[in-house]
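This report describes selected local features of one protein chain.

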Amino acid sequence: MASHRRPKQPSRARVTVLTATAAAAVALTAQSAQADPTPSKGEVKEKVDKLYEEAEKATEKFNGAKEKQDKLSEQIDALQDKVARGQEELNTLRDSLGSVASAQYRSGGIDPSVQLFLSGDPDTYLDKASALDQLGAKQTAAIQEIQSKQRILAQQRQEAQGKLKDLEETRTELGKKKQEVQSKLADAQKLLNSLTAAERTALAEEETRADRASERADLGPAVPASQRASSAFAAAQSKVGSPYVYGASGPSSFDCSGLTSWAFAQAGVSIPRTSQAQASAGTRLYSQSELKQGDLVIFYGDLHHVGFYAGNGQVLHAPKPGANVRYESINNMPFQFGVRI
């Protein structure tokens, strides 16, 4: 006969353990959700802006390395031309000396005192011998001078090539850094794509409002820093609305220092390419009250951003990727000092 037993009920202790375990699991799930929440629109924008700033730092360093490399390449070309000309002069003098040596050999290479004794015209011989000695001394001195010059030029060329190699390595490293930043920007774009359509629209509208505010910027009765600064500022004003592009220096797109260097070039003034170098291109003005229209304005502790002072507390600059050349408040960024070119 089969046995029908009632199933054993779980003990009170076992129920308590199971309940506690379930509660812990729920708590861990809640903590995990709290630790890794979906970024808000504001958080995404903050991260993207930070990545833009890092990219601009790398771009300014890249621009500086490229500028140095271009100048160094020109110096190398000039040195190579000098070396080539010096080699041609040396070859000509060697040929000349070779002809003189051959003539002396063909004359028998007789001891000068014997030639003088045997000469039917001692005075003529002495004149020729003196001229030959003088010619030989001049040629020797010329060869020595050119050889010395050639050694110097060779050293300079070697030094320049070494520096060029260093700059190439620097550019490669900066290129890697730029790629790294672009990768971060791609990640940020993924975050942007994770936002709702309404949130993405709101971010786009913020940029649109900034551009519209730029169109209505009140520059006040601004006093130009100088005629050339005024001309440069006018050139920059003609580019309001042009897009920001990494490494661009006009005429249709710009990065921050690309805009300022291009604008001054239109005024016939050559200034360095990077914001850090432009920071030392003129007289520094540490008080905003000293600024005049057309002065450069340097931002951030590492001096990686530059724009024009426009007047009435406004700057004209190329802000960041996704934005256009526009006017903004000077207080939007950490002001360091102005520079009067």
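## The largest pocket

The largest pocket has a lining of 21 residues, and D49, Y300, P319, K320 and M333 are the ones that lie nearest its centre. The model is a predicted one, and in it this pocket has a volume of about 420 Å³.

Three elements, α2 (41-106), α5 (197-215) and β5 (326-329), each supply at least two residues of the lining. Helix α2 gives the most, with 6 residues. By residue class, the lining of the largest pocket comprises 10 charged, 8 nonpolar and 3 polar residues.

## Packing of α6 against α7

Two packed helices are described by the angle between their axes and the distance between the axes. For helix α6 (residues 227-237) and helix α7 (residues 256-266), the axes come within 7 Å and cross at roughly 120°. Angles of 65 to 115 degrees count as roughly perpendicular and those over 145 as roughly antiparallel; α6 and α7 are therefore oblique to each other.

The crossing of α6 and α7 is right-handed. On the α6 side, the contact is made by R228, A229, A232, A235 and A236. On the α7 side, L259, W262, A263, F264 and Q266 take part. The residues of this contact divide into 8 nonpolar, 1 polar and 1 charged.

## Backbone geometry in two loops

Which peptide bond is cis, with omega near 0°? That bond runs from G250 to P251. P251 is found in the loop between α6 and α7, the two helices whose axes come within 7 Å.

Y300 has a positive phi of about 75° although it is not a glycine. This residue is found in the loop between β2 (296-299) and β3 (305-311). Y300 also belongs to the pocket described above, as one of the lining residues that lie nearest the centre of the largest pocket.

Methods. Residues numbered from 1 in each chain as written. Predicted model: local features only at pLDDT ≥ 70, side-chain atom pairs only at ≥ 80, totals over all residues. Heavy atoms only, no water. 1 Å grid on protein atoms, 1.4 Å probe; cavity = no way out; pocket = protein on both sides within 12 Å on 5 of 7 lines; lining within 4 Å. Points joined across faces, edges and corners; volume = space filled by probe spheres on them. Helix = DSSP H or I, 4+ residues; strand = E, 2+ residues; numbered from the N terminus. Nonpolar A, V, L, I, M, F, W, Y, C, P; charged D, E, K, R; others polar. Axes fitted to C-alpha atoms, helices over the stretch in contact; angles between N-to-C directions. Parallel < 35°, antiparallel > 145°, perpendicular 65-115°, else oblique. Left-handed = near helix turned anticlockwise from the far one by under 90°. Contact = heavy atoms within 4.5 Å.
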